[in-house]
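Hi everyone, thanks for coming. Have a look at what I'm putting on the screen, and then I'll walk you through it.

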Amino acid sequence: GVVLLFTWLALAAFPVFGTNTLGYCSSIAIFVCITVNLIMNPAMVLLFPGFFEKSALDACRCCKRRRASPEREEPLMDSASGPVKMNCYGKVAALIVKSPGMFLVPLVIYALLIPCAIRIFTADLVVGGVTGNTADTDYATSHILADFPGSSGNVPLTVMLSAPGGDVKSPEYFTSMCDLANDLMGKTGIAPDAFHGVAILPQQTDSSQVQCYQWADAEQALAAGGIYGWSWGQSANADNSSTLLTVIPPFNGFGDQAKALVSQGRDAVGQYERGAPAGYTAVSYHPMAIEVDAEELTASRFVWVVIGTVVVVFVVIALRYRAALIPVKLFFTIALPIVAVEGMAVYVFQDGILNWTQIPSLKSAGGLVWINPVATTFMLIGFALDYDIFLFSRIYADRKSGVFLDDQSAIINAVAATGPVITTAGVIMCLSFSGMIVQHSNPFLSQLGFTMIFGILVDTFVVRTLLVPAFLSMAGRFNWWPGNMPCKEELHGSQVQMA
């Protein structure tokens, strides 16, 4: 529980689109669950001992009267430690913990995971379901742009140019505005007829550059009023110290091209200011700038937050089991699988390897929604560590108590004992995330659901069942360093001393 609390609390480091709220709320919920399981659940069992005693033996007939049975006194589950009946999980573990299985299994698994892990580093991060890029928005935008390519139904890029003397009514200002407009055209590649402002001619006859008014012509048009007078009132502020230049992009104002438009607009403003006359200042804005800034903030913090989270939880686990090398084992059994899971999401949602299924939520979206790796990485770390601790704690308890005097037997027994429970927990978690891939109107939720389900399945059936036993077998006594575990030699010495 503490490990889950720390890993999910790491999301609070990303104050974008409610991610920090998710981190706080999840951590509070986990703390409440820890408290309930340590206090309320035992109290409920003790409050109704007869009911829970019967239901534990026969869940289907817990409320019916049953005959006495010699099995009545036997527990439903195995004891916390000790040998358990061999099952399929134990049989698989018995093959893995011996040579050459302990070497071949990690090599085969890593050979399958590495290509997926590499793919995440070449992913295209796209917009999807965060700022409105849903099916309804795409439908409306595509139809408006199809019928009115240059319409103002799209979201414009807005640039404000301020005059040094506080008056835009001058030849120098109009020349400067024209230079700014052409810098924007050069950076964005948008046609001149998409530009609008007090210095921009309404009819653009040259596609190579933006054509502009001279102040003398604009002054006459302003004195005459009419359309130009109305346009001036819309573009200039009350004291005529600055005006707006708008660029209507011929594409979805909340798509990936709009993200690029934000950067292009900022670059154009920077280029203009480097050669602008003294005192002229320009600023660029588009609604997608919020998402661009959020993505940049997240990218700048992501690696450091992952490192900090991993260090904290690894130290907690190492102190709990008094074994310094446990974090090393955890790194090899958690880091690569999680990165590979993220890479598989790229194969699905960028390369479209599941398009043949015709499942709408699993079709290619042109790339991975940029916030998906952030949201899923910490949750997957938490679940992976949770299942790992559940398995390792059984091995630790059996070895510490002397139930098993060698690591291999303890590993086989622990895998056999915890395998069904971990599998059940994993399947339940997959079902809880399945609602995200049932819908397809929000691409972010679809990708989040797939990544979590695939990651949990990999952790449940591959990492915990195959990879962890192999690494624990290879490490041997170094699993417990600097501590020691009871061994056959120590037991024999104790028996001799007792005799």
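Let's start with Asn372, which lies in helix α13, residues 372–400. Helices here are DSSP runs of H or I with at least four residues, strands are E runs of at least two, and both are numbered from the N terminus. Asn372 is buried, with a relative accessible area of 0%. Buried means under 20% relative accessible area, exposed means over 50%, and partly exposed is in between, with a 1.4 Å probe and protein chains only. What does Asn372 touch, leaving aside neighbours within four places in sequence? Its contacts are Glu342, Phe444, Gln447, Leu448 and Thr451, where contact means heavy atoms within 4.5 Å.

A quick word on the ground rules. This is a predicted model, so local features need pLDDT of at least 70 and side-chain atom pairs count only at pLDDT 80 or more, while totals for chains, interfaces and linings use all residues. Residues are numbered from 1 along each chain as its sequence is written, and side-chain values use heavy atoms, with hydrogens and water left out.

Now the overall picture. The chain has 16 helices and six strands. Of its 499 residues, 44% count as buried. Among contacts with a separation of 6 or more, 75% come from residues 24 or more positions apart. The chain exposes about 25,500 Å², and carbon and sulfur atoms supply 65% of that; accessible areas come from the Shrake-Rupley method with a 1.4 Å probe, and for residues only the protein chains shown count as cover.

Tyr396 counts as buried at 11% relative accessibility. Not counting residues up to four places away in sequence, Tyr396 touches Arg320, Tyr321, Trp480 and Met485.

On to the aromatics. A pair of aromatic rings is described by the distance of the centres and the angle of the planes. Here, rings of Phe, Tyr and Trp (its six-membered ring) pair if their centres lie within 6.5 Å; planes under 30 degrees apart are stacked, over 60 edge-to-face, and the rest tilted. The structure holds 21 aromatic pairs. In one of them, Tyr321 and Phe392 have ring centres 5.1 Å apart and planes at 85°, so the pair is edge-to-face. This pair links distant parts of the chain: Tyr321 is in helix α11 (residues 289–321) and Phe392 is in helix α13, 71 residues apart. Tyr321 counts as buried at 6% relative accessibility, and Phe392 counts as buried at 3%. Phe349 and Phe450 also form an edge-to-face pair, at 5.6 Å centre to centre with 80° between the planes. That pair joins helix α12 (residues 326–349) to helix α15 (residues 443–475), and its partners are 101 residues apart. Both Phe349 and Phe450 are buried. Ring pairs also link Tyr173, Phe174, Tyr213, Trp215, Tyr228, Trp232 and Tyr280 into a cluster.

Next, the cysteines. How many disulfides does a search of the whole structure find? It finds one, counting pairs of cysteine sulfur atoms within 2.5 Å. Cys178 and Cys212 form it, with their sulfur atoms 2.2 Å apart. The S-S torsion is about 85°, so the disulfide is right-handed. Cys178 sits in helix α7 (residues 171–188) and Cys212 in the loop between β3 (195–196) and α8 (215–224), 34 residues apart. Cys178 is buried at 16% relative accessible area, and Cys212 is buried at 15%.

Finally, some backbone details for those of you who like torsions. The peptide bond from Ser99 to Pro100 is cis, with omega near 5°, and Pro100 is found in the loop between α4 (88–96) and α5 (101–119). A cis peptide bond also joins Trp481 and Pro482, where omega is about 10°; Pro482 is in the loop between α15 and α16 (488–498). Gln358 has a positive phi of about 60° although it is not a glycine. Is Gln358 buried or exposed? Gln358 is exposed, with a relative accessible area of 54%, and is found in the loop between α12 and β6 (368–369).
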